Amino acid sequence: MKRMGEPVTKLFFSVSAIDGCDDTFLSEAIDRFGKLLQKNVRKSDIMMQHRMNHFLVLLPELSEDNVHVVIERVMGAWNSDEYCEKVRIEYIKECFDFSDE
């Protein structure tokens with residue numbers, strides 16, 4: 001995106017168990033979160049699973065001002081899911097704006 005002068009945002013999600021969650025349940029929850037994540041990002045976004053419980057999403061042409069919409073959509077969908085009570089989702093966002101270069 002630097003070449004085109006457009007912003008890009010990186011979201012990193014980590015899925016972890018809360019006490020009382022067995023490995024089978026956690027594995028199902030990770031699969032479910034991956035599908036939920038894919039449904040809630042744009043087709044132009046790049047999503048990948050890293051290791052078993054980490055997901056990386058690259059959001060081209062999405063500035064820091066607008067990334068909260070994606071985060072709220074993903075986390076809102078997760079918080080209404082039955083798995084959310086035993087599995088924690090944490091995220092880190094990093095935004096790069098190349099329009100000034």
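**Salt bridges, sheet and helices in a predicted model**

I will start with the charged side chains: Arg32, Asp81 and Glu82 are linked in a network of salt bridges. A salt bridge here is a side-chain nitrogen of Lys or Arg within 4 Å of a carboxyl oxygen of Asp or Glu.

Before going on, a note on the source. This is a predicted model, in which local features need pLDDT of at least 70 and side-chain atom pairs count only at pLDDT 80 or more, while totals for chains, interfaces and linings use all residues. Residues are numbered from 1 along each chain as its sequence is written, and side-chain values use heavy atoms, with hydrogens and water left out.

Back to the salt bridges. The whole structure, when searched, gives four of them. In the one between Glu82 and Arg32, the closest N and O atoms are 3.6 Å apart. Glu82 sits in the loop between helix 2 and strand 4, and Arg32 in helix 1, so this pair ties together parts that are 50 residues apart in sequence. Helices (H or I, at least four residues) and strands (E, at least two) are DSSP runs, numbered from the N terminus.

Are these two side chains buried or exposed? Glu82 is exposed, at a relative accessible area of 61%, and Arg32 is partly exposed at 33%. Buried means under 20% relative accessible area, exposed over 50%, and partly exposed in between, with a 1.4 Å probe and protein chains only.

Another salt bridge joins the side chains of Lys10 and Glu94, at 2.9 Å from N to O. Lys10 belongs to strand 1 and Glu94 to strand 4, so the pair connects parts that are 84 residues apart in sequence. Lys10 is partly exposed at 29% relative accessibility, and Glu94 is partly exposed at 35%.

Arg42 and Asp45 also meet through their side chains in a salt bridge, 2.6 Å from N to O. Here Arg42 is partly exposed, with 32% relative accessibility, whereas Asp45 is buried, with 9%.

Four strands form an open sheet in the order 2-3-1-4, with antiparallel pairing. Strand 2 (46–50) and strand 4 (87–96) are at the edges with a single partner strand each, so one side of each has no neighbour in the sheet. On average, neighbouring strands are turned by 15 degrees against each other, direction ignored. For pairing, DSSP must find at least two bridges between two strands. Strand 2 and strand 3 (residues 54–60) run antiparallel and are joined by five bridges. Met47 has Val57 in strand 3 as its bridge partner.

What packs on this sheet? Helix 1 (residues 23–39) does, touching strand 1 (8–17), strand 2, strand 3 and strand 4, and its direction makes about 160 degrees with that of strand 1. Helix 2 (residues 64–79) also packs there, touching strand 1, strand 3 and strand 4, at about 165 degrees to the direction of strand 4. Contact means heavy atoms within 4.5 Å. Axes are lines fitted to C-alpha atoms, for helices over the stretch in contact, and angles run from 0 to 180 degrees between N-to-C directions.

Last, the two helices. Helix 1 and helix 2 pack at about 140 degrees, their axes 10 Å apart. That makes helix 1 oblique to helix 2; angles under 35 degrees count as roughly parallel, over 145 as roughly antiparallel, 65 to 115 as roughly perpendicular and the rest as oblique. The contact is made by Ala29, Phe33, Leu36 and Leu37 of helix 1 with Val74, Ala77 and Trp78 of helix 2.
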